[in-house]
Amino acid sequence: MKTYLKKLFILSGLLPATFLLGLTFLFLPDLIRNLSLELVEIFMVLSMIFGICGYIGLLLSLLPRLEHKYLLKFTFLVLGIIGSVTFTSITGGKRAWTWVLDIDEFDEWIIWVWPLMVSIVLIGLNGQRVFNKNEG
(Lines give C-alpha, C1' and ligand atoms only; values in the text may rest on other atoms or scores of the structure.)
Protein backbone atom coordinates (compact mmCIF):
# COMPACT_ATOMS: atom_id res chain seq x y z
CA MET A 1 0.00 0.00 0.00
CA LYS A 2 2.87 2.37 0.83
CA THR A 3 4.39 1.89 -2.65
CA TYR A 4 1.01 2.49 -4.27
CA LEU A 5 0.56 5.79 -2.41
CA LYS A 6 4.08 6.89 -3.30
CA LYS A 7 3.46 6.19 -6.99
CA LEU A 8 0.14 8.03 -6.84
CA PHE A 9 1.89 10.98 -5.19
CA ILE A 10 4.57 11.03 -7.92
CA LEU A 11 1.90 10.78 -10.64
CA SER A 12 0.09 13.74 -9.09
CA GLY A 13 3.23 15.78 -9.73
CA LEU A 14 3.90 14.31 -13.15
CA LEU A 15 0.52 15.28 -14.58
CA PRO A 16 0.99 19.05 -14.29
CA ALA A 17 4.71 18.64 -15.01
CA THR A 18 3.80 17.01 -18.33
CA PHE A 19 1.93 20.17 -19.32
CA LEU A 20 4.97 22.28 -18.39
CA LEU A 21 7.24 19.90 -20.30
CA GLY A 22 5.03 20.36 -23.36
CA LEU A 23 5.39 24.13 -23.07
CA THR A 24 9.14 23.74 -22.71
CA PHE A 25 9.36 21.66 -25.89
CA LEU A 26 7.16 24.20 -27.64
CA PHE A 27 9.36 27.22 -26.81
CA LEU A 28 12.86 25.79 -26.29
CA PRO A 29 13.72 25.12 -29.97
CA ASP A 30 12.88 28.69 -30.97
CA LEU A 31 14.81 30.06 -28.00
CA ILE A 32 17.87 27.99 -28.95
CA ARG A 33 17.58 28.91 -32.62
CA ASN A 34 17.55 32.65 -31.82
CA LEU A 35 20.05 32.41 -28.97
CA SER A 36 22.43 35.30 -28.67
CA LEU A 37 25.23 35.30 -26.15
CA GLU A 38 23.27 37.34 -23.63
CA LEU A 39 23.53 35.92 -20.15
CA VAL A 40 19.77 36.07 -19.53
CA GLU A 41 19.01 33.99 -22.63
CA ILE A 42 21.67 31.43 -21.73
CA PHE A 43 20.18 31.12 -18.23
CA MET A 44 16.70 30.72 -19.77
CA VAL A 45 17.86 27.83 -21.95
CA LEU A 46 19.72 26.24 -19.02
CA SER A 47 16.69 26.63 -16.76
CA MET A 48 14.50 24.87 -19.34
CA ILE A 49 17.03 22.05 -19.75
CA PHE A 50 17.22 21.69 -15.96
CA GLY A 51 13.42 21.60 -15.88
CA ILE A 52 13.52 18.67 -18.31
CA CYS A 53 16.00 17.00 -15.94
CA GLY A 54 13.49 17.47 -13.09
CA TYR A 55 10.81 15.78 -15.18
CA ILE A 56 13.18 12.89 -15.83
CA GLY A 57 13.81 12.69 -12.08
CA LEU A 58 10.07 12.34 -11.46
CA LEU A 59 9.82 9.65 -14.13
CA LEU A 60 12.79 7.74 -12.71
CA SER A 61 11.10 7.81 -9.31
CA LEU A 62 8.27 5.72 -10.75
CA LEU A 63 10.44 2.96 -12.18
CA PRO A 64 10.87 -0.05 -9.86
CA ARG A 65 14.15 -1.02 -11.58
CA LEU A 66 15.68 2.26 -10.41
CA GLU A 67 14.32 2.10 -6.87
CA HIS A 68 17.82 2.11 -5.36
CA LYS A 69 19.34 4.76 -7.64
CA TYR A 70 18.88 7.45 -4.99
CA LEU A 71 21.76 9.70 -6.04
CA LEU A 72 20.67 9.71 -9.70
CA LYS A 73 17.08 10.65 -8.83
CA PHE A 74 18.27 13.17 -6.23
CA THR A 75 20.51 14.87 -8.82
CA PHE A 76 17.83 15.11 -11.52
CA LEU A 77 15.24 16.42 -9.06
CA VAL A 78 17.62 19.06 -7.66
CA LEU A 79 18.42 20.21 -11.19
CA GLY A 80 14.68 20.51 -11.81
CA ILE A 81 14.21 22.70 -8.75
CA ILE A 82 17.17 24.87 -9.75
CA GLY A 83 15.72 25.19 -13.25
CA SER A 84 12.29 26.17 -11.97
CA VAL A 85 13.63 28.74 -9.52
CA THR A 86 15.89 30.22 -12.20
CA PHE A 87 13.10 30.34 -14.78
CA THR A 88 10.65 31.94 -12.35
CA SER A 89 13.21 34.51 -11.27
CA ILE A 90 14.16 35.45 -14.83
CA THR A 91 10.69 35.59 -16.35
CA GLY A 92 8.68 37.07 -13.51
CA GLY A 93 11.05 38.28 -10.84
CA LYS A 94 9.53 39.52 -7.61
CA ARG A 95 6.03 39.61 -9.09
CA ALA A 96 6.17 35.90 -9.93
CA TRP A 97 7.40 34.97 -6.46
CA THR A 98 4.63 37.05 -4.91
CA TRP A 99 2.14 35.13 -7.06
CA VAL A 100 3.64 31.81 -5.95
CA LEU A 101 3.50 32.76 -2.26
CA ASP A 102 0.03 34.36 -2.35
CA ILE A 103 -1.64 31.44 -4.19
CA ASP A 104 -4.00 33.86 -5.97
CA GLU A 105 -5.06 31.55 -8.82
CA PHE A 106 -5.06 28.06 -7.34
CA ASP A 107 -5.66 26.17 -10.59
CA GLU A 108 -2.67 27.81 -12.28
CA TRP A 109 -0.65 27.69 -9.06
CA ILE A 110 -1.12 23.94 -8.71
CA ILE A 111 0.20 23.36 -12.24
CA TRP A 112 3.33 25.38 -11.53
CA VAL A 113 4.04 24.61 -7.87
CA TRP A 114 2.74 21.08 -7.19
CA PRO A 115 5.46 19.34 -9.25
CA LEU A 116 8.01 21.32 -7.25
CA MET A 117 6.46 20.24 -3.97
CA VAL A 118 6.48 16.60 -5.05
CA SER A 119 10.11 16.99 -6.15
CA ILE A 120 11.10 18.54 -2.82
CA VAL A 121 9.57 15.61 -0.92
CA LEU A 122 11.36 13.14 -3.19
CA ILE A 123 14.62 15.06 -2.82
CA GLY A 124 14.24 14.68 0.93
CA LEU A 125 13.54 10.94 0.70
CA ASN A 126 16.33 10.24 -1.78
CA GLY A 127 18.75 12.56 -0.03
CA GLN A 128 18.14 10.84 3.29
CA ARG A 129 18.92 7.47 1.73
CA VAL A 130 22.03 8.82 -0.05
CA PHE A 131 23.43 10.31 3.15
CA ASN A 132 22.51 7.28 5.30
CA LYS A 133 24.21 5.03 2.73
CA ASN A 134 27.40 7.11 2.94
CA GLU A 135 27.42 7.02 6.74
CA GLY A 136 27.30 3.22 7.00
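In this predicted model, Asn 126 counts as buried, because its relative accessibility is 4%, and the cut-off for burial is under 20%. The residue lies in helix α5, which spans residues 106-135. Leaving aside residues up to four places away in sequence, Asn 126 touches Tyr 70, Lys 73, Phe 74 and Leu 77.

Tyr 70, Lys 73 and Leu 77 are also among the buried residues of helix α3.

Helix α3 comprises 22 residues, 70-91. From first C-alpha to last, α3 reaches 31 Å. This is close to the 32 Å expected at 1.5 Å a residue. Just after α3, Gly 93 adopts a positive phi of about 60°.

Gly 93 also belongs to the contact between α3 and helix α4, the latter covering residues 93-102. Two packed helices are described by the angle between their axes and the distance between the axes. For α3 and α4, the angle is about 120° and the axes are 5 Å apart. The pair is therefore oblique. On the α3 side, the contact involves Val 85, Thr 88, Ser 89 and Thr 91. On the α4 side, Gly 93, Ala 96 and Trp 97 take part. By class, the contact contains three nonpolar and four polar residues, with no charged ones.

Definitions and conventions. Residues are numbered from 1 along each chain as its sequence is written. This is a predicted model: local features need pLDDT of at least 70, side-chain atom pairs count only at pLDDT 80 or more; totals for chains, interfaces and linings use all residues. Side-chain values use heavy atoms; hydrogens and water are left out. Helices (H or I, at least four residues) and strands (E, at least two) are DSSP runs, numbered from the N terminus. The expected span of a helix is 1.5 Å times one less than its number of residues. Buried means under 20% relative accessible area, exposed over 50%, partly exposed in between (1.4 Å probe, protein chains only). Contact means heavy atoms within 4.5 Å. Axes are lines fitted to C-alpha atoms, for helices over the stretch in contact, and angles run from 0 to 180 degrees between N-to-C directions. Angles under 35 degrees count as roughly parallel, over 145 as roughly antiparallel, 65 to 115 as roughly perpendicular and the rest as oblique. Ala, Val, Leu, Ile, Met, Phe, Trp, Tyr, Cys and Pro count as nonpolar, Asp, Glu, Lys and Arg as charged, and the others, Gly among them, as polar.
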